[in-house]
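Colleague: I have the chain open on my screen and would like to go through it with you, piece by piece. Could you start with whatever you think deserves a look?

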Amino acid sequence: QVQLVESGGGLVQAGASLRLSCAASGGTFSGYVMDWFRQAPGKEREFVAAIHARGGVSYYADSVKGRFSISRDNAKNTVYLQMNSLTPEDTAVYYCAAALVYPARSIQYWGKGTLVTVSS
């Protein structure tokens, strides 16, 4: 059983940057593809980014490509999401997830999320 805990959310102005972290415990972190999803108010949860279990290979939703960057540190059991040039449309609860299949299939575990609010 893997536990995922996100952190780093908050309230920022448009154009700012934030870095989210997701710390994993209780399992073999390096064995999982790690994903970030988000859910905006009144909308369905959507895929944001994925990183291969060993790092080095990543995949992004078109809406964040060029602005967001996913990375992982397997020694620290942590995955990160660097978010730059934030816009109000990025406002959402951000969730990390552990998956078996790259980029985001067979998700096994979810975190509880961290709220990002971007003001205009």
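Modeller: Bearing in mind that this is a predicted model, I would start with strand S5, residues 46-51, where 5 of the 6 residues are buried, so the strand is largely enclosed by the rest of the structure.

Colleague: Which strand does S5 pair with over 5 bridges?

Modeller: That is strand S4, residues 33-39, and the two run in the antiparallel sense. Within this pairing, phenylalanine 37 has phenylalanine 47 of S5 as its bridge partner.

Colleague: And how many residues lie between the strands in the hairpin of S4 and S5?

Modeller: There are 6 residues between them, and glycine 42 in that hairpin takes a positive phi near 75°.

Colleague: What about S5 and S6, how many bridges do they share?

Modeller: S5 and strand S6, which covers residues 58-60, pair over 3 bridges, again in the antiparallel sense, and alanine 49 stands opposite tyrosine 60 of S6. These two strands also form a hairpin with 6 residues between them, and in its turn glycine 55 has a positive phi of about 80°.

Colleague: Switching to charges, how many salt bridges does a search of the whole structure find?

Modeller: The search finds 4 salt bridges, and Arg38, Glu46, Arg67 and Asp90 are linked in a network of them.

Colleague: Walk me through that network, then. What does glutamate 46 meet?

Modeller: The side chain of glutamate 46 meets that of arginine 38 in a salt bridge, at 2.6 Å from N to O. Glutamate 46 counts as partly exposed at 35% relative accessibility, whereas arginine 38 is buried, with a relative accessible area of 5%.

Colleague: Where does arginine 38 lie, and where is its partner aspartate 90?

Modeller: Arginine 38 lies in strand S4 and aspartate 90 in the loop between S8 and S9, so their pairing ties together parts that are 52 residues apart in sequence. The N to O distance in that salt bridge is 2.9 Å.

Colleague: Is aspartate 90 buried or exposed?

Modeller: Aspartate 90 counts as buried, at 1% relative accessibility. Arginine 67 also forms a salt bridge with aspartate 90, the closest N and O atoms being 2.8 Å apart. Since arginine 67 is in the loop between S6 and strand S7 (68-73) and aspartate 90 in the loop between S8 and S9, this pair ties together parts that are 23 residues apart in sequence.

Colleague: And arginine 67 itself, buried or exposed?

Modeller: Arginine 67 is buried, but with a relative accessible area of 19%, and the cut-off for calling a residue buried is under 20%.

Colleague: What is threonine 91 doing in terms of position, where is its place?

Modeller: Threonine 91 has its place in the loop between strand S8 (78-83) and strand S9 (92-101), and it is buried, with a relative accessible area of 19%.

Colleague: Which backbone atoms lie by its side chain?

Modeller: A polar atom of the threonine 91 side chain lies 3.0 Å from the backbone oxygen of proline 88, and a polar atom of that side chain lies 2.9 Å from the backbone nitrogen of valine 118. Leaving aside neighbours within four places in sequence, threonine 91 is in contact with Ala40, Pro41, Val116, Thr117 and Val118.

Colleague: New topic: in what order do the strands of the open sheet come?

Modeller: The order is S1-S3-S8-S7, 4 strands with antiparallel pairing. Strand S1 (3-7) and S7 stand at the edges with a single partner strand each, so one side of each is left without a neighbour in the sheet. From one strand to the next, the twist averages 15°.

Colleague: How many bridges join S1 and S3?

Modeller: S1 and strand S3, residues 18-25, pair over 5 bridges in the antiparallel sense, and the bridge partner of serine 7 in S3 is serine 21.

Colleague: Last one, arginine 105: buried or exposed?

Modeller: Arginine 105, which is found in strand S10 (residues 105-110), is exposed, with a relative accessible area of 58%. Apart from its neighbours within four places in sequence, arginine 105 is in contact with Ala99 and Leu100. Arginine 105 and valine 33 are 72 residues apart in sequence, and their C-alpha atoms are 9.0 Å apart in space.

Notes:
Residues are numbered from 1 along each chain as its sequence is written. This is a predicted model: local features need pLDDT of at least 70, side-chain atom pairs count only at pLDDT 80 or more; totals for chains, interfaces and linings use all residues. Side-chain values use heavy atoms; hydrogens and water are left out. Buried means under 20% relative accessible area, exposed over 50%, partly exposed in between (1.4 Å probe, protein chains only). Two strands pair if DSSP finds at least two bridges between them. Contact means heavy atoms within 4.5 Å. A polar contact is a pair of N or O atoms within 3.5 Å; within protein, one must be able to donate a hydrogen and the other to accept it, and residues adjacent in sequence count only if both atoms are side-chain atoms. Axes are lines fitted to C-alpha atoms, for helices over the stretch in contact, and angles run from 0 to 180 degrees between N-to-C directions.
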